[in-house]
Amino acid sequence: MNLGISATEFIAQVKAGMISVEEFLAQTFERIKKIEPQIHAFITLNENVAMVQAKDIDKKIKAKEKVGAFFGMPISVKDNICVEGLRTTCASKMLDNFVSPYDATVITKLKSEDSIIVGKVNLDEFAMGSTTEFSYFGPTRNPWNTEYVPGGSSGGSGASVSSMECIISLGSDTGGSVRSPASFCSVVGLKPTYGLVSRYGLISYSNSIEQIGPIARRVEDIALVLDIISGEDPRDNTTVSNKTVGYAKDLNAGVSGKKIGIIKQMTGEGLDKEVSSATNKAISKLQSLGAQCIEISLDAVEHSVEAYYTIASAEASSNLARYDNIRYGFDYSNEGFEFKAYISKVRSNFGPEVTRRMLLGAFVLSAGYYGKYYLKAQKVRTMIKSQIDDAFKKVDLLLCPTMPILPFKIGEKVDDPLKLYLSDINTITANLSGIPAISVPFEISNSGLPIGIQLLANSFEEKKLLQGAYALQESTKLQEVPI
Amino acid sequence: MIDRKEIEHLSDLIKVELKDPEKYIKQVEQILNYFDRLDAVDFDSEETLRKEVKIDGLRDDKYVPFQDNGKPLIDKLKKDPNNYIRAPKMV
Amino acid sequence: MTKIGLEIHCQLTKLESKLFCNCKADYRNLPTNQNICPVCVGLPGSLPMLNKKAVEKAALISLALGCKIPSKIGFFRKNYFYPDLPKNFQITQYNAYGDTSIGYDGKIEIEGKEIRIRRIQLEEDPGRLVYEGSSQQTMITLVDYNRAGTPLVEIVTEPDFETPKQVRVFLNVLADLVENIGVSDPYLEGALRVDGNISIGDGNRVEIKNVGSFRDIEKALHFEITRQQSLLDRNISIHAETRHWDDARKITVSSRSKEEEQDYRYLPEADIPIVLIENNTVTSLSKQMPESIVAKKERYVKKYGIPLQVANVLSSDKFYSDMFEKAHTQNNAKEVANIITTDLMGFADTREKKLELKVTPKHISDLADAIINNKLTRNSGKTALQEMIKTGKYLKEIMSTLDLGQVNDASSIEQVILEVFSEEEKAVSEAKQNPDTINYLVGKVMRKTKGKADPTITLEIIRRKLLS
Ligand SMILES: [Zn+2]
């Protein structure tokens, strides 16, 4: 049985009775158990429940009863998205044994279409990081080379999809957390427009910029998931009503006659040589398909790293205040403690990156500094968005490599936070401005490491974005993951 | 700018006991220096990217009890036999 | 010169659900921690959903206190750690980065003095802390989150009060006002809570917190004036601090902790969009705004000729003025007001008694009509009202069972007068000399008729008889 089929193929084959859901899931878990010691994508497995659901769906299919659109498709879920009855840890000691009493809205929607959750996957603690090394449960490894980081923070999502431990994964993207692992693991990852997908049940890190986004091996699978998880939610007031439906339709519309802007600041100096040549190759491919490529300058992105980390740290310091181990959390009695002493002690269990960002956040929000940091960072957002609006008056899509560098070795940059922050330069623009962006696998380096190309569209233009991504995907044929 | 005293003040604000304050002093200072690049931002606009809603877009005032398979939420939290949450006292 | 400012927290008790979730707004008398959900207990992943009606009610308070309402309102997080705060921040409003709270720059006149309102903000109430046993013995505090997230409006005044008495008058007016506009029931425990700040002369500002009851603020302010004055008299400077009201000892005590130096690190609450308050919203709220107490009082005096004193009492009590509105006609208004203020209000003066009251507007209106149509004397009216209070029976039934109908046929009254005249010869001759003593005879007739004789007719016949 081929576990590497796409979501579209899975649905078609189950529908046609060519494969049984039970068998597919059983083999999926077999593979998970076999390769997990090398990859470590999962924090929690959901095998028992998943197998019962699989049998149940097979029964329904046989009885010709109504079955949801996903027909038992195995998905993994980043462990900062709440699934009722499952541990939701955020890869943190602070939520080590927190079992969510409710489903995130995206989970409710996926369950109602008969998706099967195979387990919860690893991330940087509270999604803060871009390598998945800052997990309380240890790092996830890149399936293309297990010495290397899988990107992050949704590294478990990227690795589990790339290594065929599931067909689809849900990640979250605050500053590139879906696109970075997509690029490093050679899979597709979408950060939707802010407000397109409900955040209810996504554990907040930087709530003004983050979105839940799907990771899959194929662009068409991303479209299928987006059709299900997008839409206004009465539990999330930041969602907007958007009438676009049928993201999966007309994906092959092509790019002929389309204008694509190459972002000057993200394709020039500072790029890894192989990343740079892959980008040029992608540009020529699109041109050969009839697209017109022009250079677009967004000089406001010069300030994006400091603006992004100011906002993210400020919001993180507030969002993570609730973890005081009093209402839920790990076992540690508070008898005999004074309040502040107790919470300061238990909160010292946050990892170094989370602690760093909370310290930074506390600093930038301190009395007297609001104007200097937070307010200025907000101005950068407006400035970037206004330049992006101008750009989209001239072009349909924007393009740049997702990551300016190739995947690097585990441990290589873990002690240099600023250097890591700077590698987010190409992804954070979409978060700061709220626009959608997608990473498409495009090439494998000479050293056998994946390179992804990022496309960006204006707000709520996911349909156009997916059509561009599909064209790019079809323009190249990549080798299979070695694991 | 970031010294021992400042890092202790910050750690008190976020209520995290720091095991290795020296390490954080250096890193926080380095990153904040980088943040100072924001000083060069010269862009004046009252606009924000935040969503705006009319008052009718807000939630209707309706009582709907939280249901979790008929079980009260408190059963999922750390509680004492009388259903209270036990917290250390603020002195 | 004494300057006093107030911060008043007013719960929006007339709402069904909490400020950001669908749990019950009325948390009182519910079993411990049974009125909670992922949102109000701050579970990871939950998001606040702002209650539309809470915004409207807060806007109503703002309008009633003469505040400006901005075209856009926003929410902020006030970050501090406390056991009663499930998220370790409170969602509130904040104006330091631009006026985005629901109301600002208002004023209200109290006994000829203008009190300026600095701002009005909508925010969430924290949970409730319960101390186990003696608070000294244990380091544990028990938390009940049933109240967490219930809607609260904070009203901040400028330091415009000069005496504790002005504060009391203002708070009474405010309590009447929030009840009158239907946003809060000020008699519920904890529905209206007051903190104060006070400075004397050039002295520093001292905050007074933890004043449990609404009435104790006057006492606390008096204590503080005396304390600060005696320091000034001895040339000791007053330093800025927060003092807590010690209810047992009736004194203010300096707070030991340095929580005043807290840095709240205000941050815009990105989970709640900016809310547009459009002109038509304000217009329709203004229309909904019930008549102010002052306007109501004036109407009672001008339209119905109700005496000022009575109008004053009636207009400021929401429960009884509502009853008046339903019971009165142009014709009987004065009598209805009279019955309510002299007989009924004294009887049912607490919230509980009001809630249990069996007397409806119809009872009062029937009674007033009977009195002005001379079917019942005022005296019998009182008796009938007692019966209504006791049994809830309507006037018709009471009049037949208790035989209260007014005797107004002249010949039967004359019959009784003749009896009285023969029994009270001495009084009759006295009354002939001195008409002032005539009331004694009237009283005798009343007693014989058990108060049913029409007093006007009785008086007229007696006068005539005395002249003959
Ligand atoms: Zn609730």
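Guide: Donors are N, O and S atoms within 2.8 Å of the metal. This model is predicted.

Visitor: What makes Cys21(C), Cys23(C), Cys37(C) and Cys40(C) donors of the zinc ion?

Guide: Their SG atoms lie 2.3 to 2.4 Å from the zinc ion. The cut-off is 2.8 Å, so these S atoms count as donors. Along the chain, the donors follow the spacing C-x1-C-x13-C-x2-C.

Visitor: Why is the site of the zinc ion called tetrahedral?

Guide: The angles among its 4 donor atoms are 102 to 115 degrees. Four donors count as tetrahedral if all angles lie between 85 and 135 degrees, so the label applies.

Visitor: Why does Cys37(C) count as buried?

Guide: Its relative accessibility is 6%. Buried means under 20%, so Cys37(C) qualifies. Cys40(C) also has 6% relative accessibility and therefore counts as buried.

Visitor: How do you know that the buried residues of α15(C) line one face of the helix?

Guide: Helix α15 of chain C covers residues 438-448, and its buried residues are Ile438(C), Leu441(C), Val442(C), Val445(C) and Met446(C). Seen down the helix axis, they fall within an arc of 145 degrees, so they line one face. Their cover includes α13 (410-423), α14 (425-433) and α16 (455-467) of chain C. Just after α15(C), Lys450(C) has a positive phi of about 55 degrees.

Visitor: What makes a space a cavity?

Guide: A 1.4 Å probe fits there but cannot get out. The structure holds 5 cavities of 30 Å³ or more.

Key
Residues are numbered from 1 along each chain as its sequence is written. Chains are lettered from A and ligands numbered from 1 in the order in which they are written. This is a predicted model: local features need pLDDT of at least 70, side-chain atom pairs count only at pLDDT 80 or more; totals for chains, interfaces and linings use all residues. Side-chain values use heavy atoms; hydrogens and water are left out. Buried means under 20% relative accessible area, exposed over 50%, partly exposed in between (1.4 Å probe, protein chains only). Helices (H or I, at least four residues) and strands (E, at least two) are DSSP runs, numbered from the N terminus. The arc is that of the directions from the helix axis to the C-beta atoms. Contact means heavy atoms within 4.5 Å. Donors are N, O and S atoms within 2.8 Å of the metal (3.2 Å for Na, K and Ca); water is not among the atoms, so sites may look incomplete. Four donors count as tetrahedral if all angles lie between 85 and 135 degrees; four count as square planar and six as octahedral if opposite donors are over 155 degrees apart and all others between 65 and 115; anything else is irregular. On a 1 Å grid over the protein atoms alone, a cavity is a set of points where a 1.4 Å probe fits but cannot get out, and a pocket is an open set with protein on both sides within 12 Å along at least five of seven lines; lining residues have an atom within 4 Å of a point. Grid points are joined across faces, edges and corners, and a volume is the space filled by probe spheres set on the points.
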